[in-house]
Every structure is written in structure tokens, then in C-alpha cells.
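Please open the structure in a viewer and keep the selection tool at hand.

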Amino acid sequence: RMFSEFYDDTFGRAWIPAVDIYENDQHEVVLKAEVPEVKREDINLTFENGVLTLKGQRTYESETKRENFQRMERRYGSFSRSFTLPNTVDASRIKASYKDGVLTIRLPQREEAKPKQIAVNVE
């Protein structure tokens, strides 16, 4: 264990992709996850009981032998992230896209949850 910590045993620890969460002008909650070098078929996205779960795996595929590395900081292996979402999300309209190593998940709000303009009558 001491040597693993000293040499930063990358293969022994899991990695967690960074995620940004924000609301856009279209009243969607947007999640952007950095998942570089993860194949589309290795990404699993589920939504159940108000929880969005992102799972996947980044595999180490290189011609360089592990013994030849002088430093290895990037993480490999399985990951899992779960996010509790507001009950205003319309689960039937969730969309996800993957481009340049970034997974973008759009979670539209239900129509009744969107802000409404109320007219004020003058008497």
C-alpha cells in the first residue's frame, strides 16, 4: 500500500468524470460530463425515480507497456455518477449527445413547471 500511494497506482483507483450542471435559457437542466476516450458503447445512462445515473468504463488500450511508464496520472476503469433531479424534469424528453469526449445530457422541464407570464389588467 505504501508503494502504491508513493507511485500513485493509477490502475488501483477508480476515476470520476467531472460534470457541470446548469440551467439554460430553454429551461432545461443540462449536464456536461467529461468522458474522453470512452467509447459510446461503454456509456450507460439511466433515469429512474428522479435519479439520473451515468455509468461507463475507460479501458487502457496502448502499445506502451505499463512497466515503461515513468508517470501515469490519467485514470482508467469503471465509473458511476448519480444525480438526484428535481421532479420538474420531463423524463420522456431527456436527450443525450456525445462529441469530442463530452457527454451532454439535456433534461427539459415539464410544461407546467416553466415560468409563465401573467398579464396585469388595468381597471
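**First stop: the cavity**

Select Val-19, Leu-31, Lys-32, Ala-33, Leu-45, Leu-52, Leu-54, Phe-83 and Ile-105, which line the largest cavity. A cavity is a set of points, on a 1 Å grid over the protein atoms alone, where a 1.4 Å probe fits but cannot get out, and lining residues have an atom within 4 Å of a point. The model is a predicted one, in which local features need pLDDT of at least 70 and side-chain atom pairs count only at pLDDT 80 or more, while totals for chains, interfaces and linings use all residues. Residues are numbered from 1 along each chain as its sequence is written, and side-chain values use heavy atoms, with hydrogens and water left out.

The volume of the largest cavity is about 30 Å³, a volume being the space filled by probe spheres set on the points, with grid points joined across faces, edges and corners. A search of the whole structure finds one cavity of 30 Å³ or more.

Colour the lining by residue class: eight residues are nonpolar, none is polar and one is charged. Here Ala, Val, Leu, Ile, Met, Phe, Trp, Tyr, Cys and Pro count as nonpolar, Asp, Glu, Lys and Arg as charged, and the others, Gly among them, as polar.

Which strand gives the most to the lining of the largest cavity? Strand 2 does, with three residues. Strand 2 (28-34) and strand 4 (51-58) each supply at least two lining residues; strands are DSSP runs (E, at least two residues), numbered from the N terminus.

Show the three strands of the open sheet, ordered 3-4-5 with antiparallel pairing. Strand 3 (43-48) and strand 5 (77-84) are at the edges with a single partner strand each, so one side of each is left without a neighbour in the sheet. Two strands pair if DSSP finds at least two bridges between them. Strand 3 and strand 4 run antiparallel and are joined by six bridges. Select Leu-45 next: its bridge partner in strand 4 is Leu-54.

Move to strand 6 (residues 95-99) and strand 7 (residues 102-108), an antiparallel pair with five bridges. Lys-99 stands opposite Val-102 in strand 7. Two residues lie between the strands of this hairpin, where Asp-100 has a positive phi near 55°.

**Last stop: Arg-58**

Finally, select Arg-58 with Trp-15: Arg-58 lies over the face of this ring, at 4.0 Å from its centre. Arg-58 also lies over the face of Tyr-76, at 5.4 Å from the ring centre. A charge sits over a ring if NZ of Lys or CZ of Arg is within 6 Å of the ring centre and within 35 degrees of the ring normal.

Terms used: 1 Å grid on protein atoms, 1.4 Å probe; cavity = no way out; pocket = protein on both sides within 12 Å on 5 of 7 lines; lining within 4 Å. Helix = DSSP H or I, 4+ residues; strand = E, 2+ residues; numbered from the N terminus.
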